[in-house]
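Good morning, colleagues. Please look at the sequence and the model on the screen while I go through some of their computed features.

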Amino acid sequence: MADRMELFLTRLWFGVISSFQDYRAMFTWRSWLFGWVLRLISQVLFFASLGRLVGSVHTEQAIALGNAMVLGPLGALGVVSSCVGERRGGTLQFIVISSSSPFLVIASRGLYWVADGFLTSCVVMVLLPWIVGLQMAWTALPLVLALQALITLSGYGLALTLAGVSLRWPESRMYLTGGTTIAVLLLAGVNVARPTHGLAGLLATVVPAAHGLAAARQAVAGHGVPVGPVLTEVAVMLGWGAVGCAGMALALRRSGPHLSRLLG
C-alpha cells in the first residue's frame, strides 16, 4: 500500500511539474498580472456595478464577492481546451500508452488551471475591501480562502467531465466552456438568487460553487461557516470527479480506431 501511494504521488508530482512548464509558456509575470488579472478585476467590477445601478450597497458587495469566488471554478474550465490540445498536439497517444492512469496524467497536467483559478480569485478577493468596500473581518479571510479552494476543485471535477466530452468531439470545447460558464453564473447564485424549484433548482444542487458560495457569504457576514453547505460542496466535488474519471475512460476508448488499438 505504501509503495502504491508513493508511486501515485510521484506520478502526480511529475504531472504538476509538466503543467507548470505549460503555464510558463503561456504567461510572463507581466502578461499575467497586467493582462489576465487586470481583465478579471474588470470583469468583477462590471458585474458589481449592476448592484450599484439598483442602488443597493449590499447587492453590489454580494455580487462582487460571488464573481470573485466563481473565478476559481470557471478558470478550471481551461482544462477542456488543453485536453483537446493534447489530442491535436499528438501527446494524447503517449498518455494513453503510459503505465499510469490516463485520467491521473490528464488531471495532474491540467492542475495549472486550478492553481490559476484559485490564485486569481484570491487576488481579486483580497482587493474587494478597497475596490467595492466589502466589509469582511480579516479573521474570516482564511475561511473564505479555504472555501475558495474547495469550490475551485469542485469546478475542476466538472471541467474534467467536460474534458472527456471534448476528447471525443474536439469541436465542442468552446460550446462546453461557454455554456457551462453561463450555467454556473445563473445557477450558483453569483449575480441572482440561486433557484430552488423545478429543473433549475435541481441543477443548482449539483452545480459547482453554489453551496460553497452560500457558505462563504455567511462567513463574510460574520455568521461562521455552516457545515451543511460545505459537506454538500464536498459531495459535489467528489461526484463530478467520479463522473469525470469514468467519462474520460469511456471517451478515450471511443476516440477513434487508433487510440482504441493503443488501449487494446
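Across the whole structure, a search finds two aromatic pairs. Here, rings of Phe, Tyr and Trp (for Trp, its six-membered ring) pair if their centres lie within 6.5 Å, and planes under 30 degrees apart count as stacked, over 60 as edge-to-face and the rest as tilted. F46 and F47 make an edge-to-face pair, with 5.3 Å from centre to centre and 75 degrees between the planes. For accessibility, buried means under 20% relative accessible area, exposed over 50%, and partly exposed in between, with a 1.4 Å probe and protein chains only. F46 counts as exposed because its relative accessibility is 52%, whereas F47, at 18%, counts as buried. The other pair joins Y112 and W113; it is tilted, at 4.9 Å centre to centre and 35 degrees between the planes. Y112 is buried, with a relative accessible area of 8%, and W113 is buried as well, at 15%.

A word on the origin of these values: this is a predicted model, in which local features need pLDDT of at least 70 and side-chain atom pairs count only at pLDDT 80 or more, while totals for chains, interfaces and linings use all residues. Residues are numbered from 1 along each chain as its sequence is written, and side-chain values use heavy atoms, with hydrogens and water left out.

I turn now to the interior. A nonpolar core is a set of buried Ala, Val, Leu, Ile, Met, Phe, Trp, Tyr and Cys residues joined through side-chain atoms within 4.5 Å. The largest such core has 68 residues, and M69, L128, Y156, L167 and M248 have the most contacts inside it. Helix 9 gives the largest share of this core, twelve residues. Helices here are DSSP runs (H or I, at least four residues), numbered from the N terminus.

L150 also lies in helix 9. Is L150 buried or exposed? It counts as buried because its relative accessibility is 12%. Leaving aside neighbours within four places in sequence, L150 is in contact (heavy atoms within 4.5 Å) with V230, E233, V234 and M237. L150 and E233 are 83 residues apart in sequence, yet their C-alpha atoms are 7.5 Å apart in space.

On a 1 Å grid over the protein atoms alone, a cavity is a set of points where a 1.4 Å probe fits but cannot get out; a pocket is an open set with protein on both sides within 12 Å along at least five of seven lines; lining residues have an atom within 4 Å of a point. Grid points are joined across faces, edges and corners, and a volume is the space filled by probe spheres set on the points.

The largest pocket holds about 420 Å³ of space. It is lined by 18 residues, and W36, L74, G75, L77 and T181 are the closest to its centre. The pocket lining divides into seven nonpolar, nine polar and two charged residues. Ala, Val, Leu, Ile, Met, Phe, Trp, Tyr, Cys and Pro count as nonpolar, Asp, Glu, Lys and Arg as charged, and the others, Gly among them, as polar.

How many cavities of 30 Å³ or more are there? The count comes to one. The largest cavity has a volume of about 40 Å³, and its lining includes P73, L74 and L77. Six residues of that lining are nonpolar, two are polar and none is charged.

Definitions and conventions:
Helices (H or I, at least four residues) and strands (E, at least two) are DSSP runs, numbered from the N terminus.
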